[in-house]
Amino acid sequence: MKRILLILGLISLTIHVSGNEENSCKVIIYRESNASGGALSYKISANDSLLIRIRNNSYFVYDCAPGSYTFMVEGYEDTKVNLTAEAGKTYYLRFGLRTGFWAAIPELLLVESISAEGVIESGQLRQLHDYDEQLPRPRNRIGLALSMGGGFQTIPMVVLENGNNADFSFGGGVGFGLSYGYEISNLLDLSFEFYYRSTGLTPKVSNASIDFTSWVTRITPALIIPIDGGYSMRLKLGAGINYNSSNKLDINTRRLQGGTTDNWFYGNSLGAHGALTFELSPSENWTLSYGVFLYNSGFDYSHSQRTSYPLDSKLINGNGSGIDLSMKVFYNF
């Protein structure tokens, strides 16, 4: 008797589950990876109720009851898709971006299952479950850095024919090098940079050159300020130390009256800096960074290659403080 009751119970459960499946349907919304507009997320609604914030390279499975639905990208009336969902069926909505005159314009398209299933089942798209779900990001990044800036203290070095001066500064100039970063948590970051910096006369002079070069190591802990959840965009506010080594002032003014040719060397120096950077990740693997750096450094004259030496106190104890604008390209891993 117990066996009969158990069998009847299993049959009833099977019928119940089968009945639920037959009385439900699915709408799968997916977005393929695309660098254009990839850093932005878009809100998708169903019958005027917010459903999901779709992100680059992701998809969402909407389990719903049969009936009529209107799907739309919030803020874009032209993206409306009207759908009558039937029991037991699965529908696919593809989110895309069309290139407009000023910006990328979102669109929703009802597509057939053959092409949609191939994309979703490839395993490249990541599934979203909740409206504000944050996808995991790679913690490590390595990349190339380029910076340009100006020093806070300028020193007149060459008198031009028009009576103006060509100035020199220990700060500013152009720098390029390598950068590595690690996001310790969702709110804390640590970065290391090693780059070569060079600064010269402003404006440049055809018959003379004075160039200061230095190797800079920079360590920057920073606070992460998420934008739109932080997956694709974030601000980083940091402060740290910078160490300048192999500091050399290359002087070539021999074509000027009373000029000389020499190399002046300056001791290694330790300074501090503050930084505000904006990071944009168009895809999971790549990040662009734009930043402003304020820094101070001091350079004390050590010795010369030949027999000349500085007489101006600003050249004996150089002020390397300045402001830089930087751009970096990272590979995330």
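This report walks through a sheet and some salt bridges in a predicted model.

## The open sheet

Let's start with the strands. Five of them make up an open sheet with mixed pairing, running in the order E8-E7-E1-E4-E9. At the edges stand strand E8 (104-111) and strand E9 (126-128); each has a single partner strand, so one side of each lacks a neighbour in the sheet. From one strand to the next, the twist averages 25°.

Phe60 has Leu128 in E9 as its bridge partner.

Across the whole structure, a search finds 15 salt bridges. One of them joins the side chains of Arg94 and Glu32, at 3.1 Å from N to O. Arg94 sits in strand E7 (residues 90-99) and Glu32 in the loop between strand E1 (25-31) and strand E2 (42-46), so this pair ties together parts 62 residues apart in sequence. Arg94 is partly exposed at 26% relative accessible area, and Glu32 is partly exposed at 30%.

Glu107 and Arg98 form another salt bridge, with their closest N and O atoms 3.1 Å apart. Here Glu107 is buried, because its relative accessible area of 18% falls under the 20% cut-off. Arg98 is partly exposed, at 41%.

## A further pair and a network

Glu77 and Lys80 also meet through their side chains, at 3.2 Å from N to O. Glu77 counts as exposed at 53% relative accessibility, while Lys80, at 46%, counts as partly exposed.

Finally, salt bridges with shared partners link Arg137, Arg141, Glu183, Asp189, Arg234, Lys236 and Glu279 into one network.

Notes: Residues numbered from 1 in each chain as written. Predicted model: local features only at pLDDT ≥ 70, side-chain atom pairs only at ≥ 80, totals over all residues. Heavy atoms only, no water. Pairing = 2+ DSSP bridges. Helix = DSSP H or I, 4+ residues; strand = E, 2+ residues; numbered from the N terminus. Axes fitted to C-alpha atoms, helices over the stretch in contact; angles between N-to-C directions. Salt bridge = Lys/Arg side-chain N within 4 Å of Asp/Glu carboxyl O. Buried < 20%, exposed > 50% of the residue type's maximum accessible area, 1.4 Å probe, protein only.
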